[in-house]
Amino acid sequence: MSVKESLHSILSTLPQGVKLVAVSKFHPAERLMEAYEAGQRIFGESRPQEMTAKAAELPKDIEWHMIGHLQTNKVKYIAPYVAMISSVDSARLIDEIERQAARHNRVIDILLEVHVADEESKSGWEINELRQYLTTDAFKALTHIRVRGLMTIATNTDDQAVIRRDFSLIKDIFEQLKPQFDESFDTLSIGMSDDYPIALEYGSTMVRIGTAIFGAREY
Ligand SMILES: *Cc1c(COP(=O)(O)O)cnc(C)c1O
């Protein structure tokens with residue numbers, strides 16, 4: 001299937017209101033352009049340098065989402081243009097995003113990445129740590145960050161029961177935290193190529209799909 005065909009076949013399965021982030025990491029700009037020409041405007045990248053190079057080369061109406069683990073010292077490279085940072089996993093990172101967003105006179109949309117998977121290796125806040133952080137004055141004082149919702153990566157397994165457990169847990173946490181925010185807290189980013197149909201059952205409002213659109217990545 002071409003990029004265009006894959007994209008359209010995925011879009012046809014998404015309920016209205018669910019956003020598709022086309023995860024284009026490791027794919028060359030020409031491949032992104034195929035998706036762009038098929039109508040796609042939201043692209044997800046995991047490395048700041050790669051994203052910045054692509055942003056310079058590709059059309060200006062693309063929304064760039066940082067989906068990979070972000071080091072604080074790299075925030076400055078993407079702060080001028082990034083549409084959303086979906087992988088925000090520490091207070092230190094939030095402080096740096098706040099600082100860089102202020103420098104550029106912007107308010108940057110973020111998602112808080114929560115750790116629910118079995119693997120220790122997965123990044124994200126532990127839920128108790130996040131709850132605690134949300135009560136701090138430092139969090140309440142942020143003026144250049146808009147928390148749009150939560151993101152998680154489910155356990156990497158073929159066991160559907162485990163994936164369902166992860167998505168069910170993040171959905172509960174999302175509903176629990178929602179009252180602490182205003183109506184802009186509307187995004188639950190769950191679901192990748194292999195598990196997005198399940199994520200949709202658990203209220204995903206944003207799926208992040210790479211392989212099923214662009215094919216396998218060559219690292
Ligand atoms: C790479 C990546 C994806 C896309 O994964 P696919 O399996 O290729 O769809 C989604 N989310 C995050 C955080 C990623 O790093």
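Modeller: An oxygen atom of the ligand lies 2.5 Å from an N or O atom in the side chain of T211, which is a polar contact in the sense of a pair of N or O atoms within 3.5 Å. Another end of the description concerns R208, where an N or O atom of the side chain is 2.9 Å from a nitrogen atom of the ligand, and G210, where a polar backbone atom is 2.9 Å from an oxygen atom of the ligand. Of the 390 Å² of accessible area that the ligand has on its own, the protein covers 89%, with areas taken from the Shrake-Rupley method with a 1.4 Å probe. This is a predicted model, in which local features need pLDDT of at least 70 and side-chain atom pairs count only at pLDDT 80 or more, while totals for chains, interfaces and linings use all residues. Residues are numbered from 1 along each chain as its sequence is written, and side-chain values use heavy atoms, with hydrogens and water left out.

The residues around the ligand (those with a heavy atom within 4 Å of it) include V23, K25, I67, I153, M192, S193, I209 and R217. By class, this shell has 5 nonpolar, 3 polar and 3 charged residues, where Gly counts as polar and Lys and Arg as charged.

The C-alpha atoms of the protein chain fill a box of roughly 50 × 45 × 30 Å, taken along the principal axes.

Terms used:
A polar contact is a pair of N or O atoms within 3.5 Å; within protein, one must be able to donate a hydrogen and the other to accept it, and residues adjacent in sequence count only if both atoms are side-chain atoms.
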